[in-house]
Amino acid sequence: MAQTENKKFFENLTGAGKAIAVLTSGGDAQGMNAAVRAVVRVGIYVGAKVYFIHEGYQGMVDGGDNIKEAKWESVSSMLQVGGTVIGSARCTEFRTHEGRLKAAHNLVQRGITNLCVIGGDGSLTGANLFREEWSGLLVELVEQGLIDEEAAQKYSVLHIVGMVGSIDNDFCGTDMTIGTDSALHRIIEVVDAIMTTAQSHQRTFVLEVMGRHCGYLALVSALACGADWVLIPEMPPADGWEEKMCQKLSAKRAGKKRLNIIIVAEGAIDHNNQPITSEHVKDLVVRRLGFDTRVTILGHVQRGGTPSAFDRILASRMGVEAVLALLEATANTPACVVSLCGNQSVRLPLMECVQMTQEVQKAMDEKKFEEAVQLRGRSFENNLKTYKLLAHRKPETELPHSNFNVAVLNVGAPAAGMNAAVRSAVRVGISEGHKMFAVSDGFEGFYKGQIKEIKWADVGGWTGQGGSLLGTKRTLPAKNVAKIAEQIRKYNINALLVIGGFEALECLLQLYEARSNYEEFCIPLCMLPATISNNVPGTDLSIGADTALNAIVETCDRIKQSASGTKRRVFIIETMGGYCGYLASVGGLASGADAAYIYEEPFDIRDLQSNVEHLREKMKTSIQRGLVLRNENSNENYTTDFIYQLYSEEGRGVFDCRKNVLGHMQQGGSPSPFDRNFGTKIAAKAMQWITKKLNESYKQGRVFANTEDSACLLGMRRRAMIFQPVVQLKDETDFIHRIPKEQWWLKLRPLMKILAKYKTSYDVSDSGQLEHVAHNRPKDSVAISTH
């Protein structure tokens, strides 16, 4: 009972009598509209008045029709739209005292004292200054007779909450800013397309990406496509880099590689803070190597297009957190930024984040580049370390010689990102001095002896490939443990890295159990979760789930668009996932669904009837399209056909229905940037753990590891990447339905319902208390970020 008393529910917070205004400022970023939509709908849901401020601070200064009250329907059909529909503008007038005085007058006239600002550090700094001057501005307005004393008293405090919308991901304090993931999608789409033409002609391509002061986009896209060289402002290349780069490109060509990719951030500099341009890099390659070289400047393509699934979910979560922060703010609450840390939303003091962001630039100006990288945060630092580890192969003479053999294999259904994980594991393993072996076709291939050594060059170009190049099967090892033990003996395998879904967990448990009969399994065993269903216990996210989500969201966008200009229509869409409702629920949130039926949340005919009634009411207003998702195993009787027929019959005269089963298109396609990087970084970390365990367990000339902590799953939990013994995960698992007993994303379901205009209970006990920006986190507390 005490637990319930301590819980905090959204519906108990009231916004009655409050007015919230939302504006987008500075450069646009994909996902801003999702944030605006969430602020508007959640604000209205709690009883507040919500206003749009069009054209950013310019609209606030100009007033008039630029500040309009928003209605629920005002934000319909904007989730999938890129940019910002309420407009953004650079405003010099707001930088003057007179401009801010006009803005204050315009807000007070409408009773607005809660401001939600979506923009970069400049926009957020301006908002904080406005808040600090607020009481003084009100005094001036009273003196000028523009407002009375009563209004000055009533609106005496201005609350500010910021959300960072910037494709550059250049704001300290948050792992990901709104728009960054979508910009990476645009870059990777271009790189993948360029690779095919470059291969045809044996060309070198120099790609220039955005990032005037921050190399995040360049660095992560280089990781995601396996670029040969990357140039970023935070880490200028050492003297003589031109020669080293040309040597590397030349060696690649000599090794029969037909193309080279060099990625340059627009703000790339050398050690003397002099710019390194894409043209300079091209001229260098042509002059020294004579290679056919082309430059592609991506420019504003990176800002355009529809937001990715990640950005829609991030922005929606941030929008809710922003409204929550405004409702809970007191006169003494400092202006805050809602941000993402690992998989958790947090609130941080706005000016601490701004100051730290400015410190990065200061460190770069002073040529303290290592400090600049550290200040960028753990996510950036890990990306850089991983890139260095994978991109530049050390000469054989410099490699440690461990004499250990490590095998890697895929298990279960294919998931996009598996190949990126294998590539990373192989290259990190070789860098650590191990001999790496690849097992084809999972444990079926293992007991049949389909095992061969895999070299550095063998995994070149694997990052962007979908499916599983090693081959994968669902076969479990239990029936063939003797044959598998024999193969381990034959190839002298000292450690095993298993990349796969729920079956991979079952495999590791079976190998752990077999240790009592077969000493061959007393070796370090590590599993990486890779499944589109995201149904593995011990981790919030799995490799492949983001690619599947994007496939679902893109298809839902197209399906909804197919009904534009037609009569009112509801689409019933079936997703994969087994008994796990992750894809249906999170896909529903990202595509603006009205309902999502899943196994974890039982439903009956009354719920179905209520949903139909709800849609009938909505369809009588200006809303023309409805979207309902159903997980494939949500209910054995309420099938997709049944729900389609029910909706068709009960909606007759108001809307008609169509149904789609998405099927295996959710499993195909090339991996998203998120899955490429997640797979790459998680595999690198796993290999480092395997090396540590091998060294610890090597005694008297052999490896012997039989403790619980030598058979682990590496997963992401809230803010950290953690190795968890698979035996300890047994109690957290429902083996019959192949799902974890507790799943974090279930907490997002009420948010989907609120945004679809349902009254529901929403537990916000986890919502962020104000924290402080950590300058340097201890190394082992959080070792990796999702992006």
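Guide: Let's start with E601 and R749, which form a salt bridge with their closest N and O atoms 3.0 Å apart; the term means a side-chain nitrogen of Lys or Arg within 4 Å of a carboxyl oxygen of Asp or Glu. This pair links distant parts of the chain, 148 residues apart: E601 sits in the loop between β19 (595-597) and α21 (605-619), R749 in helix α24 (residues 749-755). Helices (H or I, at least four residues) and strands (E, at least two) are DSSP runs, numbered from the N terminus. E601 is partly exposed at 28% relative accessibility, while R749 is buried at 5%. Here buried means under 20% relative accessible area, exposed over 50%, and partly exposed in between (1.4 Å probe, protein chains only).

Mind you, this is a predicted model, where local features need pLDDT of at least 70 and side-chain atom pairs count only at pLDDT 80 or more, while totals for chains, interfaces and linings use all residues. Residues are numbered from 1 along each chain as its sequence is written, and side-chain values use heavy atoms, leaving out hydrogens and water.

The structure holds 39 salt bridges. Another one joins E503 and R474, with 2.5 Å between the closest N and O atoms. E503 lies in helix α18 (residues 502-514) and R474 in the loop between β15 (472-473) and α17 (481-491), so the pair ties together parts 29 residues apart in sequence. E503 counts as buried, at 8% relative accessibility. R474 and E503 also belong to a salt-bridge network with E506 and R738.
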